[in-house]
Amino acid sequence: MSFDSICFLSCFLPVCLAAYWLIPGDRGKNVLLLILGLVFYAFGSLSGVAILLVFSLVNFALGVLVQRHPSSRVLLALAISGNLGFLFLYKYLNFLLQQVLGLPGVSLAAPLGISFYVFKSISYLVDVRREPDSGARRFPDFLLYLSFFPQVVSGPIARYGDFAPQLHGRQWSLDAVADGGRRFLVGLAKKVLLSSAAAGVADSVFALEASALDARLGWLGALAYCLQIYFDFSGYSDMAIGLSGMLGFSAPENFNYPYLAASLGDFWRRWHISLSSWFRDYVYIPLGGNRRGKWRTAANKAVVFLLCGLWHGSGWTFLIWGAWHALFSAMESLGVIRPKAMAKSLPGKILAHVYTLAVVCVGFVMFRAASVGEGMRILSAMFTGFSFSAAGTIALHEMLSGQTVFLLVVGVIACLPVKKLGMRAKFARPLSYGVCLVLYVLCIAALASGNFSPFIYAQF
């Protein structure tokens, strides 16, 4: 079950909200949320429920040990190693055996959302060591933290220290529910309408034979995928934040108009913010951050981006994507590329934005590709495919219907902070609810037609 499924929208969510509002007291509501989280997770991965329960119990016990022995670095290192070993077993063992060592692999399907709840557990253990009194006192509280259904599959990666105070004494009102519902519907529209339209174009381009590809199609596919992945994941994040708000919880923001970034560092402060801040706090700063000179800073950032690539998946494409970002991040740190210096004039600002978007766009080609060969085929077309064929022209016209072009244009506009300008208008709030109602009807119609794709980040 997914947030953009008819089952969730017509059955699970209404029943969940009705029961949640009828049950008095935070304790009863928390019990309901715990049950709902496990039921929601079971729809996506029935076998993974047992794994999630055992994993949660083990990490709760490890947290208790870390609380009792906060000075033991060995204990914390073993606890973190155990979590990383669990993640490696499910996500990377097959890749290591088959692709690296050339040996037969093993059949292990990674549990749904494993990368997210492993990172949440690691952050919990580190934070408990830093502040022993901040740990969970009851296993159900910790289990709810990991299985909270708005966030269990694809985040955002919330910290227990931010989540725990909301378990008791939280406040919610009809206005908060309405705002949460509006945020949810905006996210639903991003996913079902905008991301799906971009996905149709990107999928078509990546499926083309090399003989039909040219620079026009290559760049169209790359830019379409940039729109697809942004609206896919920011849409999910909006839905998760909106659902949390309807339940009286706050969730961390995950995106801040990333395609407006004027440097790669700026991009990662705006893109998947909860993951970027996790790597900053638990990897980059412990490695020394930027406190030991520019060469060490560049090396630390390179390590972070290589690990970020591995976090996303076990294929060579993800490792290359991480290395690509590591390279440009290191060059920015060393002053080889100076986006801030560029931005001192208007042409320089434009150049800095173009540079950043180009680096991100080229990187996403390899991120999207099913193999290194497929990624190189698209990249080759983007930079060398200036001989336009009739087959390429026909493919271009078939992909770009009037409706698709309209949705792509809307998508480009939606990457800009137009919402902030619109909400300043006098009648913006009531009007926004009417717009969301229209979006909901359009989304239901699109879902009924079956013309949508699964969430990209659900695989991680």
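This is a predicted model: local features need pLDDT of at least 70, side-chain atom pairs count only at pLDDT 80 or more; totals for chains, interfaces and linings use all residues.

I then searched the whole structure for disulfides and found 0. Cys 415 is in no disulfide, as the nearest cysteine sulfur, that of Cys 226, lies 9.1 Å away. For Cys 308 the closest cysteine sulfur also belongs to Cys 226, but at 16 Å, which is too far for a bond; a disulfide would require the sulfur atoms to be within 2.5 Å. I noted that Cys 308 is buried, at a relative accessible area of 3%.

I counted 52 aromatic pairs. One of them joins Tyr 230 and Phe 231, a tilted pair with 5.0 Å centre to centre and 55° between the planes. I found Phe 231 buried, with a relative accessible area of 1%, and Tyr 230 buried, with 4%. Tyr 230 also pairs with Tyr 259: the centres are 5.4 Å apart and the planes stand at 55°, so I recorded this pair as tilted. The Tyr 230 and Tyr 259 pair links distant parts of the chain, 29 residues apart. Tyr 230 belongs to helix α10 (residues 215-246), whereas Tyr 259 is in the loop between α10 and α11 (264-270). I noted that both Tyr 230 and Tyr 259 are buried.

Which ring does the charged end of Lys 29 sit over? I found that of Tyr 20, with the charged end 5.4 Å from the ring centre. I also found the charged end of Lys 91 over the ring of Trp 311, 5.9 Å from its centre.

Terms used. Residues are numbered from 1 along each chain as its sequence is written. Side-chain values use heavy atoms; hydrogens and water are left out. Rings of Phe, Tyr and Trp (its six-membered ring) pair if their centres lie within 6.5 Å; planes under 30 degrees apart count as stacked, over 60 as edge-to-face and the rest as tilted. Buried means under 20% relative accessible area, exposed over 50%, partly exposed in between (1.4 Å probe, protein chains only). Helices (H or I, at least four residues) and strands (E, at least two) are DSSP runs, numbered from the N terminus. A charge sits over a ring if NZ of Lys or CZ of Arg is within 6 Å of the ring centre and within 35 degrees of the ring normal.
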